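Please read the points with the structure at hand.

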Amino acid sequence: MRIDIISAVPDLLASPLSHSIMQRAQDKGLLEVVIHNLREYGIGKHRQIDDYQYGGGAGLVMMIEPISILIEKLKAQRAYDEVIYMTPDGQLYEQSHANELSTYENIIILCGHYKGVDQRIRDIYITREISIGSYVLSGGELGAAVLVDSIGRLIPGVLNDGSSALFDSFQDDLLAPPIYTRPANYKGAVVPDILLSGDDGKIEQWRQEKSYQSTRERRPDLLDN
Ligand code: ADE
């Protein structure tokens, strides 16, 4: 899978995507992340990418031309399944969206900055608008990193234990059960006996029960689905 990210602040993206599982996914050739510095497509000698709003109002708007030139260039090179815009007024991002996006070949993610992008970019190029939560960030980069991480780990072969992504919280609209590792007794805080029993059937049943219990207590809205 290839993900092209368009950003005015590309340095914000480099670190979160070059460690741990995301780096391994790229090293294995399963995920290619290409970060484009929008400034390189800026207009004139100052490489301008933003300007004042028509009609007045505070805050700069990202101009249509640099983004358009870059998106057209990318689209001439390969077919894209989605051109996503990160924005607080987009669709609220959930695990089901990550599952869907992880099946795609090529996607573009456009990160908004300042006030956001000229509406014509959204009208002409954007196929999906995503928000990572009901709060406003300084730009779309952190959201884009969230997207890439959540999608990348679902690509077959990325996680060492291929089954483990299926048991993540939210995969069945249930939160994950508690987990433990050694030692079995730490200053009197003990691991539940059942997990030491070796009885796979009972352990699975216990995990299911704990998942339901945790979901009921913390996220009852998920059980309505
Ligand atoms: N850009 C600014 N705020 C955002 C949010 N909540 N989600 C996605 N992109 C954003």
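The numbered points below treat the overall layout, the ligand site, the salt bridges and some backbone details.

1. The model is predicted. Its C-alpha atoms fill a box of roughly 70 × 40 × 35 Å along the principal axes. Two domains are assigned, with domain 1 covering residues 2-152 and domain 2 covering residues 169-224. The centres of domain 1 and domain 2, taken over C-alpha atoms, are 37 Å apart.

2. The protein contains nine helices and nine strands. Of its 225 residues, 40% are buried.

3. A polar backbone atom of Ile132 is 3.0 Å from a ligand nitrogen, and a backbone N or O atom of Gly133 lies 3.1 Å from a ligand nitrogen. For Leu137, the distance from a polar backbone atom to a nitrogen atom of the ligand is 3.0 Å. Taken alone, the ligand exposes 260 Å², of which the protein buries 96%.

4. Side chains of opposite charge can pair when their charged atoms come close. Arg128 and Glu82 form a salt bridge in which the closest N and O atoms are 3.1 Å apart. Arg128 belongs to strand β7 (residues 128-131) and Glu82 to strand β5 (residues 82-92), so this pair ties together parts that are 46 residues apart in sequence. Is the pair buried or exposed? Arg128 has a relative accessible area of 12% and is therefore buried, the cut-off being under 20%. Glu82, at 9% relative accessibility, also counts as buried.

5. Glu129 is located in strand β7. Its relative accessibility is 23%, so Glu129 counts as partly exposed. The C-alpha atoms of Glu129 and Ile84 are 5.6 Å apart in space, although these residues are 45 apart in sequence.

6. Other salt bridges. How many salt bridges does the structure hold? There are nine. One of them joins the side chains of Asp4 and Arg2, at 2.8 Å from N to O; both of these residues are buried. Another joins Arg219 and Asp221, with an N to O distance of 2.9 Å. Arg219 is partly exposed at 30% relative accessibility, and Asp221 is likewise partly exposed at 37%. Salt bridges that share partners join Arg2, Asp4 and Glu32 into one network.

7. A cis peptide bond. Where does Pro183 lie? It is placed in the loop between α6 (141-152) and β8 (185-186). The peptide bond from Arg182 to Pro183 is cis, with omega near 5°.

8. Positive phi at Ser20. Ser20 has a phi near 55°, a positive value in a residue other than glycine. This residue is in helix α2 (residues 20-27). With 57% relative accessibility, Ser20 counts as exposed.

9. Positive phi at Lys187. Lys187 is not a glycine, yet its phi is positive, at about 50°. Lys187 is found in the loop between β8 and β9 (189-190). Its relative accessible area of 75% places Lys187 in the exposed class, for which the cut-off is over 50%.

10. Summary for the reader. The salt bridge between Arg128 and Glu82 connects strands β7 and β5. The backbone details listed above concern the cis bond from Arg182 to Pro183 and the positive phi values of Ser20 and Lys187.

Definitions and conventions
Residues numbered from 1 in each chain as written. Predicted model: local features only at pLDDT ≥ 70, side-chain atom pairs only at ≥ 80, totals over all residues. Heavy atoms only, no water. Domains from an automatic or database assignment. Salt bridge = Lys/Arg side-chain N within 4 Å of Asp/Glu carboxyl O. Buried < 20%, exposed > 50% of the residue type's maximum accessible area, 1.4 Å probe, protein only. Helix = DSSP H or I, 4+ residues; strand = E, 2+ residues; numbered from the N terminus. Polar contact = N/O pair within 3.5 Å; in protein donor to acceptor, adjacent residues only side chain to side chain. Areas by Shrake-Rupley, 256 points an atom, 1.4 Å probe, with all protein chains shown as cover.
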